[in-house]
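This briefing sets out the overall build of one protein chain and then turns to selected residues. Please consult the sequence and the model below while reading.

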Amino acid sequence: MPHSTENNVAAEQPVQDKLPEIITHPVPSRLLDSKQCPTPHINSMEQYRSMWKESVEEPNKFFGNLARDLLSWDKPFETVSHGSFEDGDVAWFLEGELNACYNAVDRHALKNPDKIAIIHEGDEPADVRHISYGELLRDVCRMANVLKGLGVRKGDNVAIYMPMIPETMIAILACARIGAIHSVVFAGFSAESLLDRVADCGAHIVITSDEGRRGGRNIATKSIVDNALAKEEAHQVEHVIVYQRTGSGVPMMENRDLWWHEEMEKARPVCSYEKMSAEDPLFLLYTSGSTGAPKGIVHTTGGYLLGAAATVKYIFDVHEDDVYACMADIGWVTGHTYILYGPLTLGVTTVLFESTPTYPTPARFWELIDKHKVTQFYTAPTAIRALQRLGDQWVDECDLSSLRVIGSVGEPINPEAWNWYNEKVGKGRCAVVDTYWQTETGSIIISPLPGCTPTKAGSATLPFFGIQPVLLDPATGAKIDKIDETGVLAIKNPWPSMARSIYQNHSRFLDTYVKAYPGHYFTGDGASIDKDGYIWIRGRVDDVINVSGHRLSTAEIESALSSHNSVSEAAVVGAHDDLTGQAIHAFVSLKPHANVSDGLDRELVLTVRKIIGPFAAPKRIHIVREHPKTRSGKIVRRILRKIVNGEHNQLGDTSTLADPSVIPSIVSQVHQ
């Protein structure tokens, strides 16, 4: 079978355009049956519409009441919202004082110290820890005292480079307790990437582990930290705190490196918390694009915490006795908001998962749900597609009856994967919440609500409270009102959990997010709105391909390709083309038992022509063994884009890829 093909079907008879039928799925009746499930917090579209209307027309009233309801304040706020996008001075809950750690830990530990706060599912299935709110409070206080003893004070930055273990959450909460700003760096980043972030935030303390564990392998976290800190740019780092995860021997630098367990043994388990202004920074989280220095996104205490708590309560319909499981990494914003701050602020049990979806078997996710009686489950489309590819038998062997809500995050989910997730994992009895948001938004901004929103496979549906989405013409900035026409997705008016700045570079924040389309927050994503007002995310604006004047969404083409019964996963990018401006290149991986034939690439082209139209047909189809993916499972389309554009010698840092060895074979296929 050829690895790629030119699209030479232009002379054929036109393929009849036929869009697949879009089915609207009602709210599962089980969720509205009080004998089977808790009554949803929002259980009708009328209730949702009324609350959303108040949230955008009277935001001060709505969010003032919500903040008083969900958060504990040491000093009440008087001003609910202040400032504007234009002036770059957005602020919420001025005059108010609170502490994020108190809200997430103390108030629940004081009320019910034995309630389980964290279930840690280690890399090995038998390695399970249950940590109560009372235990969590004591350990957080100890670590807070350790940090204070090392000179960390309110407003100082602390870098955290740790695996998926409870001590990572303890370190984060200890920072929040004393008013230090935590900067968590995903533990899959290279030493160079870690150095960039430590140097930019000026951290004097780095917290890490001897090693991490993932998929049966040890990860050399301390070694990576040592390599990063050997550079002059990290000269300000005074101490490295090292947790023993595996017990493997690692070199310890005298006068710099400290063992976590030794410092904790000396520390008192009581530590008063710092009263923080609602607008004091809580954390930095770095994002990076294909170019430019990493951006330290600044999130503040009051507004962010409210967004985290409100979205967990309403979008996942979380109740007091629920067990909430988000499969993200704590090093990303999804982990911050939906493993740590959101669930813990509501006082529920949160699951921290250290391993991979397929270790030691492809049943790992489903066994986790069965074992811990998980009620809400949240993962990425990439993981869903990968597990779908491996077969239904792994799901069918497990009892998933505890589930009420299953969520998707990270990128638009194609309808085939959505339907499998709904039917095989949710058994048609669970709400599927396809959530849209970003590091910069702090919390989910578009999503169904389990008890009231009818859903459509592939649509993020409707805006959350306080969110006013609009579609803008990318060239003129004019509002697009036409149904199903793709435009730039922007948000009118600020909301509490949005980022406030880029660390020490506020002008870059304004240029990136609020000056592109004055009066709006610029998401960088394309979207369309259907006749029912449902929002369909079409992928990054820079992932919209312009072929002979046709603006084509890569996500839309990928979804079409994935509808073919031989395709496991598809990634589409644009290549420079002298004739048409850009040409479509599709990278496709196949299901294990796909019927591979010489005509498969032609079939795939015809599938796209049939579902979207002849103008969307890929010029090249590349059948690949595996896509380049991050260790969290996200396809790195930037690398594919550079390969097709002849920039494969300028790929940059590829150390975060799960398997960098896939790149040479892809390069040879494209440029043979």
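The centres of domain 1 and domain 2, taken over C-alpha atoms, are separated by 37 Å. Seven residues from domain 1 and six residues from domain 2 form the contact, where contact means heavy atoms within 4.5 Å. Domain 1 covers 150-213 + 220-226 + 233-272 + 281-295, and domain 2 covers 548-671; these bounds come from an automatic or database domain assignment.

The model is predicted, with local features needing pLDDT of at least 70 and side-chain atom pairs counting only at pLDDT 80 or more, while totals for chains, interfaces and linings use all residues. Residues are numbered from 1 along each chain as its sequence is written, and side-chain values use heavy atoms, with hydrogens and water left out.

**Overall build**

- The chain contains 19 helices and 33 strands; helices (H or I, at least four residues) and strands (E, at least two) are DSSP runs, numbered from the N terminus.
- Along the principal axes, the C-alpha atoms fill a box of roughly 80 × 55 × 55 Å.
- Among the contacts in the chain with a separation of 6 or more, 72% are between residues 24 or more positions apart.

**Surface and charge**

- Of the 672 residues in the chain, 61% are buried; buried means under 20% relative accessible area, exposed over 50%, and partly exposed in between (1.4 Å probe, protein chains only).
- The accessible surface of the chain is about 25,700 Å², and carbon and sulfur atoms contribute 49% of this surface. Areas come from the Shrake-Rupley method with a 1.4 Å probe, and for residues only the protein chains shown count as cover.
- The chain has 65 positive and 83 negative charges, whose mean positions lie 2 Å apart. Lys and Arg count as positive and Asp and Glu as negative, without His and the chain ends; each charge is placed at NZ of Lys, CZ of Arg, CG of Asp or CD of Glu.

**Backbone features in loops**

- Tyr 359 and Pro 360 are joined by a cis peptide bond with omega of about -5°. Pro 360 lies in the loop between β19 (349-353) and α11 (364-372).
- Thr 461, a residue other than glycine, has a positive phi near 70°. Thr 461 sits in the loop between β23 (455-456) and β24 (468-472) and counts as buried because its relative accessibility is 0%.
- Asn 493 also is not a glycine and has a positive phi of about 65°. The loop between β25 (487-492) and β26 (501-502) holds Asn 493, which is partly exposed because its relative accessible area is 38%.

- Arg 213 belongs to strand β11 (residues 212-214) and counts as buried at 18% relative accessibility.
- Arg 213 and Asp 123 are 90 residues apart in sequence, yet their C-alpha atoms are 6.1 Å apart in space. Leaving out residues up to four places away in sequence, Arg 213 touches Asp 123, Glu 124, Asn 218, Arg 245, Thr 246 and Glu 354.
- His 299 is part of strand β17 (residues 295-300) and counts as buried, since its relative accessibility is 0%.
- Leaving out residues up to four places away in sequence, the residues touched by His 299 include Pro 281, Phe 283, Tyr 304, Glu 440 and Met 498.
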